[in-house]
Structures are given as C-alpha cells and as structure tokens.
Amino acid sequence: MNQPASSAESGVAERLAGYLRQDPHNPGLLADACDAALAAGLHALAQEHMDTAASLALEPVAWSLRRARMCIAQRRLDEAAGVLQALQATQGAHPALAHDLAYVRLLQGATQACRELLAPWLATDATLLEPQTLEGLQVLWLRATHRLQLLEEAWHWARQQLAQGRLQAAACGVASLVALDTSRFDDARMLSEYALGERPAQIEALVARAGVALADRDTARAVLLLERALQCNPEDGRTWSALGLCSLQAQQLPQAQARFERALRGLPGHVGTWHALGWCRLLQQDSAGALAAFHQALELDRNFAESHGAVGLALVLAGDQAQAEPYLELARRLDPANLTGRYARALLAGETRDVQRLLALADRLLDRPGFGRGRLSESVRSAVGPLGK
C-alpha cells in the first residue's frame with residue numbers, strides 16, 4: 001500500500017539529489033537517489049534520475065524495475081505490467097518480479113491471478129528467500145486471499161507458517177485482520193500487537209487492534225489506532241468503517257454516517273459497512289435511506305438472515321407491513337434467532353417504538369459476539385507469545 005511521504009523521506013531524497021549534482025555520473029549514488037525519490041513519492045525527481053541512467057546506459061534490468069515501480073505508484077498499471085512481463089521474458093523467474101506483477105494484478109482487480117503468481121514462490125523453501133522478499137510475498141498473498149473472502153484458507157495457511165516459524169512480522173498483521181474477521185478475537189489481539197511491535201505502521205494490524213479495542217469499549221484507544229492507520233493509507237475503507245463504528249458507539253450519528261459513506265467509496269462490497277450505514281440512517285429516522293443501504297447489503301449476500309430482517313424492519317418502520325412480511329419470513333427461515341427480524345415482529349405486535357431500544361439493538365448487532373472473550377489458539381500462543389513485546 002502506498003503511504004504518504006514523510007518529511008524525513010523527502011529530505012533524504014533532496015539531500016541525495018544534492019550530492020548527485022556534485023558527482024552526476026556515480027552509478028551507485030544515482031541508484032540510491034532514485035530509490036529515495038520513489039520512496040518519497042517525488043516522481044518528477046525520480047524520472048530525472050531514470051533519464052540520467054538511460055543516457056549512461058546503466059544496468060537495464062535494475063532501472064527497468066524502478067520504472068515499473070514508478071508506473072505502479074502512478075497507477076499506470078498496464079504499462080507497469082508490460083515492463084514487468086518483458087523483464088520476466090528476458091531474465092526468467094524471480095521473486096521480486098513475481099511480487100511486483102502480482103501487486104499490479106491486485107490493483108487491477110485480478111485477485112485470483114495475483115494469488116496464482118505468488119503461490120509457487122510461497123511453496124519454495126523459505127530459507128532460499130531474503131526475509132524482506134518473503135515478507136512481501138506473504139503479505140500480498142494474504143491480502144489477496146482475504147479480499148477473495150477465503151478467510152478459513154488464509155487462517156489455516158497463516159497458522160501453518162506460524163508453527164514453522166516462517167510467518168513474517170507484517171504478514172502477522174494481515175493475519176490479525178483475518179483472525180478478527182473469523183471471530184478469533186484473542187488471536188487478533190496477539191498477532192496485531194506482535195506485528196505492531198515490529199512494524200508500527202502495519203495497517204491491517206492497526207485496524208485489527210482497533211477492532212479489539214472497540215469490543216473492549218475502549219473507543220479512545222480505537223480512534224488513536226485508526227488515526228495512525230489513516231496516516232498509512234488515507235483511502236482505506238476498513239479504517240473509515242471502523243472509525244464510523246467509534247462514532248456510532250459514542251452515539252455521534254451524523255459523524256458516523258459520514259464515515260460509513262466515506263468508507264464505502266473504497267469498500268463498496270463490504271456487507272458490514274452497508275449494515276452499519278443502514279442502522280445509522282435508521283436511528284436518524286431516515287427509513288428510505290436505511291432501506292437503500294440494507295437492500296445493498298442484501299444484494300451482496302442473499303443468504304444472510306440479518307439483511308432480510310433489516311430490510312423488513314425498515315419497511316415496518318416506514319409503515320409498509322405487506323412488503324415487509326416476505327423479508328421477515330425469509331429471515332426467520334434462514335435463522336430463527338436473527339435479532340432484527342424478531343425486533344420487527346415485536347413492533348408489529350404493538351411494542352413501543354423506542355429509539356434507545358433501536359440503538360441497543362444496533363449496538364448488539366454491530367458489536368461482534370465473543371469479542372475479547374475467545375480463547376487464544378495454542379498454535380498462535382506458542383508461535384507469537386515468546387516473540388511478543
């Protein structure tokens with residue numbers, strides 16, 4: 001994930017550029033200056049260094065790789081893929097090339113292709129790869145697998161890597177978000193804390209640890225963690241969604257709604273955020289807006305009883321019992337214990353419409369059951385525990 005350049009990174013890039021003006025044909029200095037400019041997001045400066053390298057006919061492979069990485073940063077993805085594929089054709093298979101091409105595929109939405117490019121390298125002997133290279137491959141594979149909603153596969157693989165002492169620190173951070181999303185809450189806490197001890201800006205670890213803090217009703221800590229996550233990636237939908245939950249937990253409904261809507265700009269397929277937005281609108285007596293959000297959640301997963309129940313509830317509150325009935329019946333058939341449908345039935349039976357009761361129901365639905373009360377997997381305890389900070 002791209003991160004905003006720090007003033008320190010920009011300073012390093014400018015300082016190296018100054019040294020280069022004194023020694024313009026130094027190949028090593030030119031490479032370092034270009035890498036620093038790329039890291040700082042100073043693309044015009046990086047392009048100057050690339051032009052100089054081309055005029056000096058320096059190492060075409062290394063400089064082509066730098067060009068590809070600048071194309072990725074500028075989201076010129078087809079061009080980046082072309083450069084990387086040309087390098088593979090001339091240089092053969094290499095983990096760095098596989099990683100960068102897989103990252104391009106992930107950004108292009110070809111998530112399965114991303115996994116397939118990485119899989120052969122992750123099946124090799126880990127001792128043959130540099131730790132930094134291995135970490136990058138693991139992080140990208142876990143992100144792709146998580147995005148495909150293959151959560152149990154991702155978790156099983158992460159546990160195997162942990163048991164073998166192969167799971168790298170940043171990959172522990174991605175695994176912590178997988179743990180959170182599979183209700184392994186103590187595992188999420190342990191893995192995220194370990195990852196942050198080694199990689200303080202690991203975004204999945206920040207979001208996962210914030211999720212645990214939310215479950216503990218430590219909203220202030222959750223907000224601090226999520227603000228750090230936004231510094232890593234201001235566009236991250238999961239971070240904005242979690243911030244919305246912080247606002248909802250504090251009953252700051254307009255702010256919560258704005259944050260959920262912001263989250264969905266980058267996370268349009270996240271059922272939980274559509275539900276949260278629907279509840280936020282419902283609590284502000286916007287039945288039509290709530291209905292639209294719940295319908296969107298239903299379109300994404302038609303087998304989730306709470307989505308059917310939520311559509312039914314919004315219709316009941318809008319006074320349309322006839323349209324609500326089929327949704328409530330299907331919610332009951334999918335899960336007789338679903339809370340939303342049962343609440344809607346209670347309203348139909350004549351119970352008082354109480355905003356505080358609605359708020360309590362939303363809180364119960366959106367706060368993952370079992371948060372902070374699960375048992376830590378022994379494989380995680382033994383692998384991460386001795387390393388934890």
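This is a predicted model: local features need pLDDT of at least 70, side-chain atom pairs count only at pLDDT 80 or more; totals for chains, interfaces and linings use all residues.
User: What percentage of the residues is buried?

Analyst: Buried means under 20% relative accessible area, exposed over 50%, and partly exposed in between, with a 1.4 Å probe and protein chains only. Of the 389 residues in the protein chain, 50% are buried.

User: How many helices and strands are there?

Analyst: Helices (H or I, at least four residues) and strands (E, at least two) are DSSP runs, numbered from the N terminus. The protein chain has 22 helices and zero strands.

User: How do I read the packing of α8 and α9, and at what angle do they cross?

Analyst: Two packed helices are described by the angle between their axes and the distance between the axes. Axes are lines fitted to C-alpha atoms, for helices over the stretch in contact, and angles run from 0 to 180 degrees between N-to-C directions. The axes of α8 (residues 131-147) and α9 (residues 151-163) come within 8 Å and cross at roughly 155 degrees. Helix α8 is therefore roughly antiparallel to α9, given that angles under 35 degrees count as roughly parallel, over 145 as roughly antiparallel, 65 to 115 as roughly perpendicular and the rest as oblique. Contact means heavy atoms within 4.5 Å, and the residues making it include Trp141 and Leu142 of α8 and Ala154 and Trp157 of α9.

User: Is the α2 and α4 pair roughly parallel or roughly antiparallel?

Analyst: Helix α2 (residues 27-40) and helix α4 (residues 60-73) pack at about 15 degrees with their axes 11 Å apart, which means that α2 is roughly parallel to α4. Here Leu30, Ala31, Cys34, Asp35 and Leu38 in α2 meet Trp63, Arg66 and Met70 in α4.

User: Where is Ala210, and is it buried or exposed?

Analyst: Ala210 is found in helix α12 (residues 203-215) and counts as buried at 0% relative accessibility. Leaving aside neighbours within four places in sequence, Ala210 is in contact with Ala222, Leu225 and Leu226.

Technical notes
Residues are numbered from 1 along each chain as its sequence is written. Side-chain values use heavy atoms; hydrogens and water are left out.
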